[in-house]
Amino acid sequence: MVELEKEVLPLPPRYRFRDLLLGDWQADDRVQVEFYVNENTFKERLKLFFIKNQRSSLRVRLFNFFLKVVSCLLYIVRVLLDDPREERDCPGCLRQNVSAHNRSHFDWSLIIWVNRPLPLWALQVLVAFISFSETMLLVYLSYKGNVWEQVLRIPFILEMISAVPFVITVILPSLRNLFIPVFLNCWLAKHALENMINDLHRAIQRTHSAMFNQVLILISTLLCLIFTCICGIQHLERAGNNLTLFDSLYFCVVTFSTVGFGDVTPQIWPSQLLVVIMICVALIVLPIQFEQLAFLWMERQKSGGNYSRYRAQTEKHVVLCVSCLKIDLLMDFLNEFFAHPRLQDYYVVILCPAEMDVQVRRVLHIPLWAQRVIYLQGSALKDQDLMRAKMDDAEACFILSNRFEVDRFAADHQTILRAWAVKDFAPNCPLYVQILKPENKFHIKFADHVVCEEEFKYAMLALNCVCPATSTLITLLIHSSRGQEGAAGSVDQWQRTYRRCAANEVHHIRLEESKFFGEYQGKSFTFASFHAHKKYGVCLIGVRRMDTANILLNPGPCHIMGASDTCFYINISKEENSAFVRGHREPVRGPGGESRGVPQTIYHGLTRLPVHSIIASMGTVAIDLQDSSDSSPEGTGPAALGSGTVSRSGSRTEVGGCNTLALPAMGGSAEERRHSIAPVLEVVDRVHNPTFDLLGDQSEDEGGEEGKEEEGGEQKGQWWGAHCEWVKGYPLNSPYIGSSPALCHLLQEKMPFCCLRLDKACHHMPYEDARSYGFKNKLIIVSAESAGNGLYNFIVPLRAYYRPRKELNPIVLLLENVPEADFLEAICWFPMVYYTVGSIDNLDSLLRCGVTLADTMVVVDKESSMIAEEDYMADAKTIVNVQTLFRLFPALSIITELTHPANMRFMQFKVKDHYSLALSKLEKKERERGSNLVFMFRLPFAAGKVFSVSMLDTLLYQSFVKDYMISITRLLLGLDSMPGSGFLCAMKITEEDLWIRTYGRLYQKLCSSTGDIPIGIYRTEAQKLPVSESQVSITVEDYEDTREPREPLLCRSGLHRNSTSSEPPSSSSSSSQAMDHPLLRRKSMQWARRLSRKGGRGSSGAKGVGSAAERISQQRLSLFRRSERQELNALVRTRMKHLGLSPSGFKSESERALLPNGMTDPGNRLSYILINPSPDTRLELHDVVYLIRPDLLSPVPNQAGARKPSAGPAEGNRFDTQDSTHL
């Protein structure tokens, strides 16, 4: 311790305690430093006032400009007061005869001396002295060491010429009348004006317009040239013609305009020389100025100029920010945005960093868009460009990502930065953002509306597999239409019906303000939905309470409608644009043709709807509830039928002997009475708690399938192992931030990563192909380039908790690249989800992943192929691959995603198909009429077999008017799940369900039994083609394929033949097969058999050379058609044998596509959607009805006690998963 104390030095004196208290040490250490000492000098202060400070410098330059203008005005006054014929008061001046105009001899004194009055001279001297002093002061302040740089400047020289002589006349009075070219001050005024404009823009802190400056310079240069020429000609001609200022002005205008009348001309050579000099100067200076002006004008046309502040304050505008503007994107935005009547007065300001291309420029020159659209070239990251677009005054800002970017993550990053920049510049401007990747969505959560492309795309494709044509249904709902598409060229009934129903959109209104729903206040939701559809033809699908922002789709019978509820409904137009008329009900004709008397009632309906049709349907419903006397054969049937909802495989499920659409029990007069449907209750009686088991399996999976599971338990245990236990819960691992939690079917223990690979065996599962797994249901194959996080949204809807376990389809992901571990960790908890590595253009990869066992194949557009040198060629590879799949596997349902919607005309392309050609002509007419949905009549789109992600762009645009559309779409697709909100599902109408007859009766049946709300019909019809070469070739081809053995058909006839047999079928087999064929197919096959037999007889004994040659050519044609199909079948079988796969599955699948049932032949049918059809629409066999089913976890109404006895016990059941089977 002592040594340490010795080492510590004592404190210096200034840090002693006494000094710290007294503060004596501070005076010694502190030094005062003066900053900006140089700027405190007199010169620096003057420089700060005259040059550096913007405001004071602006005042100085304005004063200088005023001095130069005053000096020019004084010169004009001196000219007006001067008369050269008067005698000059000058030393040595001699009077000469000026009447003789001699160009060589003239009086120079008239040019050198002028008459200047004394007061005028005093004013000119004062102005010159002030101007000279200011000039010298600025030269002194601007001096930087080089005096010649200041002296040789043109403004300084002009100042010396016009100011110094006046200062000299003060010293020498004899020179007071000396001519001084004061008119040259106009050029100094021009120079002061340019500096003044620059200081003005600096003072107001705004970027000046180069175009404005250039125009100002050009005008001032032209004025200075003319003024100089006028004053010079007038002064020189004092010794000649003695012209006035007006005569000189007239001469200059005539000369510079190249007119040259010749009535006024200069007479002496000095004035003529001045004219030559001025013309040369004009020919040099003016073209340079015009060239710069033209260049700036072209640049301004490219950049788009500015959107004025005055227009922004008096007009309403929205800003569209894109990185690359394509013509399709622009037209989709303009057509959808201006489709709403209240947006007709809005302006669209496009802010794009790229230069406007030729097609966009051509469209923006159209008068329809030229006054509404303003194109600005600039970046959203620059405040100057945002200020040009007046972003802070905009009603909304749409930020769209470039889906054609090679790196989609980079495109999202650019979108995120644009959104941040706009939010920082204009915090109150509503943001509508489109993002590509779901993992980037959480960066823009602050935006008012966000549409994630991959989220919506994969969820829509997933629902397409279980609810057919969901993509078409959503596309039609989010497009604005008036139902006029195809009005001129629609010749088929299905086109007219499809066109009329496609005009339905989602609208909203408060219940207390509504005439549609106001009378149902205090009633149940299902009661209001059914009766609003019955009375007005509108479909109520959801509500929103005033105290919450959540939208509930079909909250069920337990929801009581309140006055403040916001109702969401589907209709052709919103209620505010609808007119109500008073009508009387027409008499309803019975089956026998007699008119039954019906009491007249008053009906209030939409004028745009078929009023007489809806009134007739109302009469039918009224008869169903009141009168049951009907001997129609539709009323006969068994007392209890299977469920009206079937799976895609066609099996019906009956649980507990009851179902949703069961035929009600009848009394002794069942054969003479029409079946009645229980009425929809206004208010449910009581509510009991749901018995839905969240963690265990449903009873339907444990009851009816016990025997089957015991039979296949041994096989299942071989490959499923310890992972066969299923539970219901929320996924543990989400691949990205921001995914909405959804209750799904999950595995109790996750699958090992090695077991997820379908085409490779591991020590858990020794199988290498899909057939070895022994799946009970058909596969769903998804072909994608890589395993993006968006595929997670494809799996979740297909594993939702409300889908019965026995109907879950195995999902196989066909990926070109091996997925990452994060993605495998997210999907390993879902049952029956696998992946393989391969490509869609590789037949071996398709066979390994089980394409012969698949029911649906989804082909996702490749991100790497979205960029093509030629527009619309990005889909070339996808279209050709899908066409190959269609030829190889005709029974496979293929759902394709395309980059450009215009390319959907190439899906399942047929060259000589007259019907497709007619649809192509109809599409061209719709494009000429400016329709928003020119492709809606294309059969692949109407059937839901093709989808383009660009169709989702209108969802973001429509959200500007309908801010609820994104939420409703997410609920329909299953991306969001709100407690108490329903979900979208479908049911299929079978022969047992046709007793319901009409869509209105189905609406009542569903609302009274299960609480489901139907919103549309997916209808499939046999396509009636005219007899043409294409149909003949198809029938011949089908006949040749029927010569091959088909197990389902030949086993009944007792025939066993191999596929290589070329003998014609026997008469017995032909007759048995013909009984199953429709009339058209049977006639075609008989014609084909006669053709082949006549061809064989003609070869042995020809009746004529021409007929024999014709028969031989027909035989060759049929053989060529047959050999092409056989070659494709042989190719597939050969590859399956090479891979060790059994070809029996492919044989049955190929034959299933060629069955004699016309509805199963993919080339002989058409499908389309009817959104919110009228109540009297007849139900047809194989119709698929879209339903919004209430939440299974919500409180359950018990309505059995309040039903009529005629309804039977089958209608009193709870709507749960035991009652029906979801598609």
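A residue is called buried when its relative accessible area is under 20%, exposed when it is over 50%, and partly exposed in between (1.4 Å probe, protein chains only). This is a predicted model, in which local features need pLDDT of at least 70 and side-chain atom pairs count only at pLDDT 80 or more, while totals for chains, interfaces and linings use all residues. Residues are numbered from 1 along each chain as its sequence is written, and side-chain values use heavy atoms, with hydrogens and water left out.

The protein contains 43 helices and 28 strands. Both are DSSP runs, numbered from the N terminus: helices are H or I with at least four residues, and strands are E with at least two. Of the 1223 residues, 52% are buried. A contact means heavy atoms within 4.5 Å. Among contacts between residues at least 6 apart in sequence, 76% join residues at least 24 apart. The protein exposes about 57100 Å². Carbon and sulfur atoms supply 57% of that area. Accessible areas come from the Shrake-Rupley method with a 1.4 Å probe; for residues, only the protein chains shown count as cover.

Salt bridges were examined next. Side chains of opposite charge can pair when their charged atoms come close. Here a salt bridge is a side-chain nitrogen of Lys or Arg within 4 Å of a carboxyl oxygen of Asp or Glu. The structure holds 26 of them. One joins Glu453 to Arg408, with the closest N and O atoms 2.7 Å apart. Glu453 lies in helix α20 (residues 453-466) and Arg408 in helix α19 (residues 408-425), so the pair ties together parts that are 45 residues apart in sequence. Both Glu453 and Arg408 are buried.

A second salt bridge pairs Arg510 with Glu512, and its closest N and O atoms are also 2.7 Å apart. Arg510 counts as partly exposed, at 26% relative accessibility. Glu512 is partly exposed too, with a relative accessible area of 48%.

Asp1183 is buried, with a relative accessible area of 0%. Arg1019 is buried as well, at 6%. Elsewhere, salt bridges that share partners join Arg403, Arg408, Glu453 and Asp953 into one network.

The surface carries patches of residues. Patches are made of residues with over 30% relative accessible area and no salt bridge; like charges are joined within 9 Å, and nonpolar side chains (Val, Leu, Ile, Met, Phe, Trp, Tyr) within 5 Å. Lys and Arg count as positive and Asp and Glu as negative, while His and the chain ends are not counted. The place of a charge is taken as NZ of Lys, CZ of Arg, CG of Asp or CD of Glu. A positive patch gathers Arg905, Lys921, Lys924 and Lys925. Lys925 lies in helix α33 (residues 914-928). Its relative accessible area is 45%, so Lys925 is partly exposed.

A nonpolar patch is formed by Trp108, Ile112, Trp269, Leu273, Ile277 and Val281. Together these residues have about 540 Å² of accessible area. Helix α13 (residues 269-303) gives the most to this patch, with four residues. Trp269 is found in helix α13. At 42% relative accessibility, Trp269 is partly exposed.

Buried sites were also located. Ile444 lies in the loop between β5 (431-435) and β6 (449-452). It is buried, with a relative accessible area of 0%. Leaving aside neighbours within four places in sequence, Ile444 is in contact with Ile416, Ala419, Val433, Ile435 and Val450. Ile444 and Leu431 are 13 residues apart in sequence, and their C-alpha atoms are 9.6 Å apart in space. Helix α22 (residues 493-502) is mostly covered, with seven of its ten residues buried. Among them are Trp494, Tyr498 and Cys501.

Backbone angles complete the account. Most residues other than glycine have a negative phi. Lys390 has a positive phi, near 55°. Lys390 lies in the loop between α18 (383-388) and β4 (396-399), and is buried at 8% relative accessible area. Asn1172 also has a positive phi, near 50°. Asn1172 is found in the loop between β26 and β27, and counts as buried at 7% relative accessibility.
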